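Q: I have a model open and want to read it feature by feature. Where do we begin?

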Amino acid sequence: MFPISLFLLLLVTIVGLYLLVRLFLYRTALILVVKKWVHWVEDGIHVHQTFKVPEFNDNVQENQFYRQVFTYLNSLASIEDSDFTNLFSGKKSNDIILCLDDNQIVHDTFLGARVSWKNEVLKGEDENCRRTLLLNMKKKDKRRILRPYLQHIHNAVSDDLEQKRRELKLYMNAQSDHRSTGRWRSLPFTHSSTFDTMAMDPDLKNKVKSDLEAFLKSKQYYHRLGRVWKRSYLLYGPSGTGKSSFVAAMAKFLSYDVYDIDLSRVSDDSDLKMLLLQTSNKSLIVIEDLERFVNEQSTRVSLSGILTFMDGIVSSCCGDEKIMVFTMNGKELIDSSLLRPGRIDVHIYFPLCSFNSFKTLANSYLGIRDHKLFPQVEEIFQSGATMSPAEIGEILIVNRSSPSRALKSVITALQTGDGRGSGKIGRRMTENCSSRPAAGESDGESGGVFWNHKDSVPVAKEFRKLYGILRLRSNKKTGPSDHDSEMMER
Ligand SMILES: Nc1ncnc2c1ncn2[C@@H]1O[C@H](COP(=O)(O)OP(=O)(O)OP(=O)(O)O)[C@@H](O)[C@H]1O
Ligand SMILES: [Mg+2]
């Protein structure tokens, strides 16, 4: 007979050994190896099926579902058990985000079924990486879980993606040899400019805002006309007058992502079309310094390529609702076909600083609405001296601790015409008027906007009908700081 005490001793030893082994496995993480073996054996006796979620479709457009799955996988607790995981700092200073590494596998369970995902990255013949997420599951589970599982992913990340969608992105075009993997590279768009921070004529600001709002509501109207639902703006004026900042303000106002096209990186006309095809709708597409590329021919894109791009016909293939913005310093030397209505709908002139915009700058940069030196500053502006808002902004930033010193520095710079070498520019601009709008357009210290109508009556009619724009007479004055103003009324 087995004595009962011996039996108890054996039992306690077995339980103790079991606990020790368990502790050892967990402490050394060997439990993961054991689990892997168990899964390996289990996988060996089942037929599996793989589903691919590629990053781009055949037209090299982004596959939105890839983004969703990638976000979902990075939110899984099991990502910590993946062999390699990237760690990134999050938005808050103490946030650390885990992110699946290339070619790593992560496991997930859904309705009792185990699935695995591989973040596969393959180098193509053209040396570019193609990314695909591979979903692997047992064939016997497929019918039961596939659809609900995909729906579960969609639901799990929709809030997160919605949040991300609200964070604007700046896309920049990569070199043209990246054709097979998408041409755009993105960054969070953090430009701090808004319509409120722009020092410019408040009327003009409001007109642009109303125009943008009217555009957003006009989907049916454009479609009824058989037109691409897009609107094009030309922002022109001397350097440092806020054109790029205005683009940022427009994007923020619309909550649109910005696609900034660097024409020197575009290899030919079809490449430019491809870039447009790969933009999403609800986006603002920008080409800065257009006249430089066209006049200096410093791009391999032809004029007709740019014209086709501006017409935006190809963009209708991948959804519309696009705003195009072109910036340039002056438009006198540019081919007029680029500026015809339909290609450019709204022209906005960005002038050098006026006393009114100076006051806005002083309020933003120094926090002052009035000052005893203001009359003196006003007098100098009225005498025709001016500088760009960028140059005045610099002086104000440097002297921000003392408003009096800041204003005195501005006065000196305006008087001597060489505030940071810039007053010269200001004077030259007002003397030559080299970048000022032609008569009949809009110009002046407060900036100007006009709806392009000269060459195309039907288009003008459409827009007048659309926005109820009544053009008032042109008010032509002379003198360095005078302006031809052309206003619209709702
Ligand atoms: N009208 C303005 N209101 C407020 N800030 C301005 C304005 N114009 C320029 N600035 C400031 O000056 C700096 C340069 O402006 P920005 O780059 O927008 O000028 P730009 O017209 O695009 O110049 P460029 O033609 O050289 O590209 C920005 O930091 C911006 O904050
Ligand atoms: Mg600029």
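Predicted model: local features only at pLDDT ≥ 70, side-chain atom pairs only at ≥ 80, totals over all residues.

Q: What length should helix α3 span, and what is the distance between its end C-alpha atoms?

A: The expected span of a helix is 1.5 Å times one less than its number of residues. Helix α3 covers residues 64-75, 12 residues, so it should span 16 Å. Its end C-alpha atoms are 17 Å apart, which agrees.

Q: Which residue caps the N-terminal end of α3?

A: Asn63 does. One of its side-chain oxygens lies 3.1 Å from the backbone nitrogen of Phe65.

Q: Which residues of α3 are buried?

A: An α-helix has 3.6 residues a turn, so residues three or four places apart point the same way. In α3 the buried residues are Tyr66, Gln68, Val69, Phe70, Thr71, Tyr72, Leu73 and Asn74.

Q: How many residues make up the largest nonpolar core, and which have the most contacts inside it?

A: In soluble globular proteins, nonpolar side chains tend to be buried together. Here the largest nonpolar core has 31 residues. Tyr233, Phe246, Met250, Leu284, Ile323 and Ile348 have the most contacts inside it. Elements giving two or more residues to this core include α5, α6, β9 and β11. Helix α7 gives the most, with seven residues.

Q: Which residues does Leu284 contact, leaving aside neighbours within four places in sequence?

A: Its contacts include Val247, Met250, Ala251 and Leu254. Tyr259, Ile323 and Val325 are also among them. Apart from this core lies another, of 29 residues, with Leu234, Leu272, Val294 and Ile344 among them.

Q: Which residues come nearest to ligand 1?

A: Of the 15 residues around ligand 1, these are Ala199, Ser239, Gly240, Lys243 and Ser245. Look next at polar atoms. A backbone N or O atom of Ala199 lies 2.7 Å from a ligand nitrogen. A polar backbone atom of Gly240 is 2.8 Å from a ligand oxygen. For Asn329, a polar side-chain atom lies 3.4 Å from an oxygen of ligand 1. Taken alone, ligand 1 exposes 630 Å², and the protein buries 73% of that.

Q: Which helix gives the most to the shell around ligand 1?

A: Helix α7, with three residues. Helices α7, α11 and α13 each supply at least two.

Q: Where is Asp335 found?

A: Asp335 is in the loop between β12 and β13. Asp335 has 33%, so it is partly exposed. Its side chain makes a polar contact of 2.7 Å with that of Ser337. Asn295 is 40 residues away along the chain, yet the C-alpha atoms of Asp335 and Asn295 are separated by 8.8 Å.

Notes: Residues numbered from 1 in each chain as written. Chains lettered and ligands numbered in written order. Heavy atoms only, no water. Helix = DSSP H or I, 4+ residues; strand = E, 2+ residues; numbered from the N terminus. Buried < 20%, exposed > 50% of the residue type's maximum accessible area, 1.4 Å probe, protein only. Polar contact = N/O pair within 3.5 Å; in protein donor to acceptor, adjacent residues only side chain to side chain. Core = buried A, V, L, I, M, F, W, Y, C linked by side-chain atoms within 4.5 Å. Contact = heavy atoms within 4.5 Å. Near = heavy atom within 4 Å. Areas by Shrake-Rupley, 256 points an atom, 1.4 Å probe, with all protein chains shown as cover.
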